[in-house]
Amino acid sequence: MALKTALVGIGKIARDQHIPAIEANAEFELVATASRNAEVEGIPAFRNLASLLENVPEVDCVSLCTPPSARESDARLAAEAGCHVMLEKPPGTTPAEVLDLASFVERSGVTLFASWHSREAAAVRATRDWLKGKLVREVRIDWKEDVRFWHPGQDWIWQADGFGVFDPGINALSILTAIHPRPLVVSEASLSIPENRDTPVAAQMLLHDSEGTKVSVELDWLEEGSPQWDIRILADDKEALLCDGGARLLIDGEETESGPDREYQALYERLAGLIASGSSDVDLSPMRIVSDAMAVADHEVAPPFEW
Ligand code: NAP
């Protein structure tokens with residue numbers, strides 16, 4: 001029988017990805033939504049999760065698509081009601097908050113899945129396999145996109161708990177931490193913050209690992225035209241380019257792996273597997289890099305940002 005699923009926060013990602021992915025997976029059935037201002041045609045709608053759970057107590061699973069700072073209290077509410085919980089990325093505001101949530105959910109005996117959709121991009125696993133046994137010399141990440149195109153009117157991303165350019169940048173870090181063989185530490189960072197906003201519009205970071213591999217990261221939200229979502233890796237005497245957000249892998253300029261976008265289908269398949277095995281998946285390593293970068297960074301004031 002399909003898991004009766006509720007979606008919370010009916011915005012861009014809920015509509016673009018979660019609803020189609022749930023519809024495409026027979027193990028899930030969308031039975032209700034909770035959103036302050038939005039509804040999905042034909043699906044019972046509530047203004048908040050508390051009233052959803054009161055009116056639709058048969059819900060098995062709650063998927064939270066709200067901004068990161070709005071998720072923790074709903075995740076606790078859902079777990080207390082005996083529901084499995086899926087979190088959009090980044091899973092919360094700080095690593096400590098999510099760790100505390102994870103132990104609460106564990107005590108409730110349900111599954112918590114802190115999802116990282118970019119890890120499911122078509123060429124990520126092939127890149128990780130290609131790197132096995134190789135000496136990684138250097139990594140360079142360029143994650144540049146136009147915030148006005150990709151996040152139109154989303155003011156929450158500019159609030160202190162909204163992550164700014166790290167909202168997309170953490171996707172690159174989620175791939176990096178999935179493919180890189182060792183933990184990474186932030187050596188230095190600099191943030192460029194518009195004078196009328198609280199979060200960065202651009203960031204640079206240098207990371208290193210225990211073997212001396214250096215990773216440079218350049219994030220920019222004012223890149224007009226096509227986005228650049230590239231991870232370039234020098235390993236042994238070869239160069240790998242994982243591009244298009246992880247969808248294509250080129251080795252020395254030749255494409256060796258690519259595939260259609262089924263990141264969210266893969267996330268819901270993984271969620272079903274976690275629920276069936278009674279386990280959780282909460283990896284905070286991408287979030288720790290962001291928190292550490294924020295802690296050590298130099299700040300530079302950038303011109304005001306207006307939509
Ligand atoms: P969004 O379009 O702003 O949608 C989020 C929805 O959450 C809002 O429409 C709003 O609906 C609800 N909400 C509840 N509390 C809120 C609050 N305090 N502030 C603002 N909205 C609140 O954002 P999104 O792009 O879907 O992103 C949501 C999450 O998905 C983010 O963590 C983001 O990183 C992740 N994500 C986004 C994308 C993308 O392409 N946009 C891709 C992958 C992952 P109501 O007003 O109806 O309550």
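Me: Into which domains is the chain divided?

Reply: This is a predicted model. The residue ranges here come from a domain assignment. One of the two ranges is written in two parts, 118–260 and 291–302. The chain is divided into domain 1 (3–114) and domain 2 (118–260 + 291–302).

Me: How many residues of domain 1 are in contact with domain 2?

Reply: The centres of domain 1 and domain 2, taken over C-alpha atoms, are separated by 27 Å. Contact is counted for heavy atoms within 4.5 Å. On the side of domain 2, 9 residues take part, and on the side of domain 1 the number is 9.

Me: From which domains does the shell around the ligand draw at least three residues?

Reply: The space that the ligand takes is the largest pocket. The shell there divides into 10 nonpolar, 7 polar and 6 charged residues. At least three residues come from each of domain 1 (3–114) and domain 2 (118–260 + 291–302).

Me: Which residues come nearest to the ligand?

Reply: There are 23 residues around the ligand. Those that come nearest are Ser 35, Asn 37, Arg 71, Lys 89 and Asp 167.

Me: How much of the ligand's accessible area does the protein cover?

Reply: A polar backbone atom of Ile 13 lies 2.8 Å from an oxygen atom of the ligand. For a side-chain N or O atom of Asn 37, the distance to a ligand oxygen atom is 2.7 Å. Of the 860 Å² that the ligand has on its own, the protein covers 82%.

Key. Residues numbered from 1 in each chain as written. Predicted model: local features only at pLDDT ≥ 70, side-chain atom pairs only at ≥ 80, totals over all residues. Heavy atoms only, no water. Near = heavy atom within 4 Å. Polar contact = N/O pair within 3.5 Å; in protein donor to acceptor, adjacent residues only side chain to side chain. Areas by Shrake-Rupley, 256 points an atom, 1.4 Å probe, with all protein chains shown as cover. 1 Å grid on protein atoms, 1.4 Å probe; cavity = no way out; pocket = protein on both sides within 12 Å on 5 of 7 lines; lining within 4 Å. Sits in = over half its atoms within 2 Å of the grid points. Nonpolar A, V, L, I, M, F, W, Y, C, P; charged D, E, K, R; others polar.
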